[in-house]
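This report looks at selected side-chain and helix-packing features of the model shown below.

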Amino acid sequence: MYIEEPLKKYLDETASGAPTPGGGSVASLAGALGAALTSMVCNFTVGKEKYKDVEAEVAKILSEAEELRAKLLDLMVEDTQVYSEVSKAYSMPRNTPEEKEARTQAIQKALRIAMQAPLETAFCCYKIMKLNEPLLDIGNQNLISDVGVAVLLAESALRSAILNVEINLSYIKDEEFCNNTRENLKTIVNESSDIKLKIYDKVKEVIGAKL
């Protein structure tokens, strides 16, 4: 679903009145694009005589970027699939106290499941940003602007994914679970901002950007 289909179909369905794809799936797609650009920079570096000394390191980055790209594409689809479970839970009958309790439990379970895809997306995007840090210096300098775009996409996707985590957490009643989830995300949110600014400023300096 979606991965082997035309991009236009995905965009049309995102733009439509259908409940999916939504923001979580789109965040994963944006992260996958960031990973793809990371791989592109690596592929223009590996095999070049000028970058022979860093070839092994860049090849390792390439391998990791490709794994993340595949994972994010899977998450793009997974996010659309788990939504149906949330929708199903909210549609359960609530005519008796027993039905209301069963419905509440089902909703809480579905919400936890639904937040896993954007949660994983956020951590994948953080890893993409970390992969681009060394590429700033050892990657093919003709593609340094692509390093910048990869990081901007990944950081945006990370924050977008976290918004989708938060919307689910806002309905989850387990306060300890919610606090632990937010605590786990806090470090990558702060560090990703630092990475983005560092790389974006360096790229602008290298290419002589005036804006």
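## Aromatic pairing

In this predicted model, the count of aromatic pairs comes to one. The pair is formed by tyrosine 2 and tyrosine 10, whose rings lie 5.1 Å apart from centre to centre, and with 90 degrees between the planes the arrangement is edge-to-face. Both tyrosine 2 and tyrosine 10 are buried.

## Helix α2 against helix α5

Helix α2, which covers residues 23-43, and helix α5, which covers residues 116-138, have axes that come within 10 Å and cross at roughly 20 degrees. Angles under 35 degrees count as roughly parallel, and α2 and α5 are therefore roughly parallel to each other. The crossing in which α2 passes α5 is left-handed.

On the α2 side, the contact is made by Ala27, Ser28, Gly31, Gly34, Ala35, Thr38, Val41 and Cys42, while α5 contributes Thr121, Cys125, Ile128, Leu131, Asn132 and Leu135. Sorted by class, the contact of α2 with α5 has eight nonpolar and six polar residues, and no charged residues.

## Helix α2 against helix α6

Helix α2 also packs with helix α6, residues 144-169, at an angle of about 160 degrees, and the axes of these two helices are 8 Å apart. Angles over 145 degrees count as roughly antiparallel, and α2 and α6 are therefore roughly antiparallel to each other. The crossing of α2 and α6 is left-handed.

The residues of α2 that make this contact are Gly23, Gly24, Ala27, Ala30, Gly31, Leu33, Gly34, Leu37, Thr38, Met40 and Val41, and those of α6 are Asp146, Val147, Val149, Ala150, Leu153, Ala157, Ser160, Ala161 and Asn164. By class, the contact of α2 with α6 has twelve nonpolar residues, seven polar residues and one charged residue.

## Glutamine 116

Glutamine 116 lies in helix α5, the helix whose residues run 116-138. Its relative accessible area is 31%, and glutamine 116 is therefore partly exposed, since that class lies between under 20% for buried and over 50% for exposed.

Glutamine 116 and asparagine 168 are 52 residues apart along the chain, and their C-alpha atoms are separated by 9.8 Å.

Technical notes
Residues are numbered from 1 along each chain as its sequence is written. This is a predicted model: local features need pLDDT of at least 70, side-chain atom pairs count only at pLDDT 80 or more; totals for chains, interfaces and linings use all residues. Side-chain values use heavy atoms; hydrogens and water are left out. Axes are lines fitted to C-alpha atoms, for helices over the stretch in contact, and angles run from 0 to 180 degrees between N-to-C directions. Helices (H or I, at least four residues) and strands (E, at least two) are DSSP runs, numbered from the N terminus. Angles under 35 degrees count as roughly parallel, over 145 as roughly antiparallel, 65 to 115 as roughly perpendicular and the rest as oblique. A crossing is left-handed if the near helix is turned anticlockwise from the far one by less than a right angle, and right-handed if clockwise. Contact means heavy atoms within 4.5 Å. Ala, Val, Leu, Ile, Met, Phe, Trp, Tyr, Cys and Pro count as nonpolar, Asp, Glu, Lys and Arg as charged, and the others, Gly among them, as polar. Buried means under 20% relative accessible area, exposed over 50%, partly exposed in between (1.4 Å probe, protein chains only). Rings of Phe, Tyr and Trp (its six-membered ring) pair if their centres lie within 6.5 Å; planes under 30 degrees apart count as stacked, over 60 as edge-to-face and the rest as tilted.
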